[in-house]
Amino acid sequence: MKIYLETYGCQMNVGDSGKILHLFRQQGYEPVAAARDADLVVINTCSVREKPELKLFSALGRYIPLKRRNPDLVIAVGGCVAQQWGERLQEKSPGLDIVFGTHQLDRLPEMVTAVRRRRIPLSRTEFGPVPGGLEVMARPESGTVSAMVTIMQGCDNFCSYCIVPYVRGREYSRPSRAIIEEIEMLAAAGVREVMLLGQNVNSYGCKTPGEIGFAELLRQVAGIDGIARIRFTTSHPKDLTDELIAVFGELEKLCPALHLPLQAGSDRVLERMGRGYSASAYLEKVEKLRRVVPDIALTTDIIVGFPGESEADFAATLKMLEQVRYDQIFSFKYSPRPGTRAAAFADMVSEEEKKERLARCQAFQDEISFAILAEQVGRVSEVMVTGPSKRGGEWSGRTPENRIVNFPVAAGEIGPGELLRVKITEAMKHSLRGEVAP
Ligand code: 5AD
Ligand code: SF4
């Protein structure tokens, strides 16, 4: 049997798709690169921004007609759009066999079996106290250097613009014992870097009596032999504690890189977003971090054109970019999400204004990003080899700060996962070039 899997959205979804693939591999399925060659098509959707339904319906418009040639084809939609729409998706798209919500991932195999037997559409979108599928541990493919490990799911923050708490459910932390066992299994299979994933990893364990907190979890992960680098995403600034900041100075394996979503630089906008911090409180945390790790590379998420955002509010966001000097930002135009508080705000910013601010924001950041890359020239960095470079003919790797470095090495001399000292020789627009240091 063949499975074709399409994934939209964030790293959490990429992690979930890895689990889905693992579940079906156990049943003898092989992944294929085209839906027309598959017996099972799974689309893992995301609804955080923009018009995810358009993308989904256009994909279904391509895949459902494949059933004419292959009547046994089963089509399933999961993830956040599935959670939000439930069986209404099947009313809109006759021929869609399965809708599975964000807590139902582990039920997918039995749903596929049931559909094959009875040929009736199925939909499951209940929320349980524990999201199903979190304990599915996908074995890495051989040669995998870096792996993602979901440590928690859901979110209780209810930022006014955000749909995540509605489609992923309440915050749930996996037992630390299971996380450690999974990472030990990954390390034994050759993985050298782990990325710990969750909507807000900083609050890991906080709501589970008897569970360790995130700082302690990091210490335990750092104790696992074979793991050389630890990263995590994503963090809420309000939950970035002094203890966690101190851990950056304590654990050598913890990479000096942090994604710390700011969203906006104006206190008025932050307040209306329900973020729970002011620009100055955010800056204070950044200063503390830099006192512990002077070279820490920060990245962030920015929303432009939030309802009521004035030109002065937007200028405050640019000012924060200038003050913090992020390595990179991920910036988005605000888009109202159904059911969220901000979707009902009256003072929407026009589409042109949002477009224009986004372009200004990105151009402003491009200069900062390039200046930071240029400052690296002449330094020697420890680079973890990830594989051949995209353009070919060279190797590619990442610095501890997560900057991409391409460098020439004769074929056969190195392989993925190796740590090399590389001297940075040139800054490109989004990456660095270097040569292996003697
Ligand atoms: N509009 C625009 N961007 C959004 N994000 C979340 N919700 C919205 C929305 N309604 C962005 C935030 C978040 C990232 C994952 O997506 O910046 O950090
Ligand atoms: Fe959404 Fe806010 Fe939770 Fe992040 S912290 S997932 S932005 S509600």
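**Domains, a buried strand and a salt-bridge network**

The protein chain is divided into domain 1 (2-124), domain 2 (139-255) and domain 3 (380-436). The model is predicted. Which residues surround ligand 2? The shell consists of C155, N157, F158, C159, Y161, C162, V164, P165, Q199, H236 and R275. By class, seven of these residues are nonpolar, three are polar and one is charged.

Now turn to strand 11. This strand spans residues 229-233, and five of its five residues are buried, so the rest of the structure largely encloses it. Its side chains point two ways. R229, R231 and T233 point one way, while I230 and F232 point the other way. Both sets are buried.

Strand 11 has a partner. Strand 10 (residues 193-197) pairs with strand 11 in the parallel sense, over five bridges. Within this pairing, M195 stands opposite R231. How does the chain get from strand 10 to strand 11? The path runs through helix 8 (residues 214-222), and this β-α-β crossover is right-handed.

Next come the charged contacts. The whole structure holds 32 salt bridges. One of them joins K207 and D156, with the closest N and O atoms 3.0 Å apart. This pair links distant parts of the chain, 51 residues apart. K207 sits in the loop between strand 10 and helix 8. D156 sits in the loop between strand 8 (152-153) and helix 6 (164-168). K207 counts as exposed, at 53% relative accessibility. D156 is partly exposed, with a relative accessible area of 25%.

A second salt bridge joins E309 and R357, where the closest N and O atoms are 2.9 Å apart. This pair also links distant parts of the chain, 48 residues apart. E309 lies in the loop between strand 13 (297-304) and helix 12 (311-324), and R357 lies in helix 13 (residues 351-375). Are E309 and R357 buried or exposed? Both are buried.

Helix 13 holds another pair. The side chains of R360 and E356 meet in a salt bridge of 3.0 Å, N to O. R360 and E356 are four residues apart in helix 13, which means about one helical turn separates them. R360 is partly exposed, at a relative accessible area of 31%. E356 is partly exposed too, at 37%.

These contacts connect. E309, E311, E353, E356, R357 and R360 are linked in a network of salt bridges.

Note on methods
Residues are numbered from 1 along each chain as its sequence is written. Chains are lettered from A and ligands numbered from 1 in the order in which they are written. This is a predicted model: local features need pLDDT of at least 70, side-chain atom pairs count only at pLDDT 80 or more; totals for chains, interfaces and linings use all residues. Side-chain values use heavy atoms; hydrogens and water are left out. Domain bounds come from an automatic or database domain assignment. A residue is near a molecule or strand if one of its heavy atoms lies within 4 Å of it. Ala, Val, Leu, Ile, Met, Phe, Trp, Tyr, Cys and Pro count as nonpolar, Asp, Glu, Lys and Arg as charged, and the others, Gly among them, as polar. Buried means under 20% relative accessible area, exposed over 50%, partly exposed in between (1.4 Å probe, protein chains only). Helices (H or I, at least four residues) and strands (E, at least two) are DSSP runs, numbered from the N terminus. Two strands pair if DSSP finds at least two bridges between them. A crossover is right-handed if, with the strands pointing away from the viewer, the path from the first strand over the helix to the second runs clockwise. A salt bridge is a side-chain nitrogen of Lys or Arg within 4 Å of a carboxyl oxygen of Asp or Glu.
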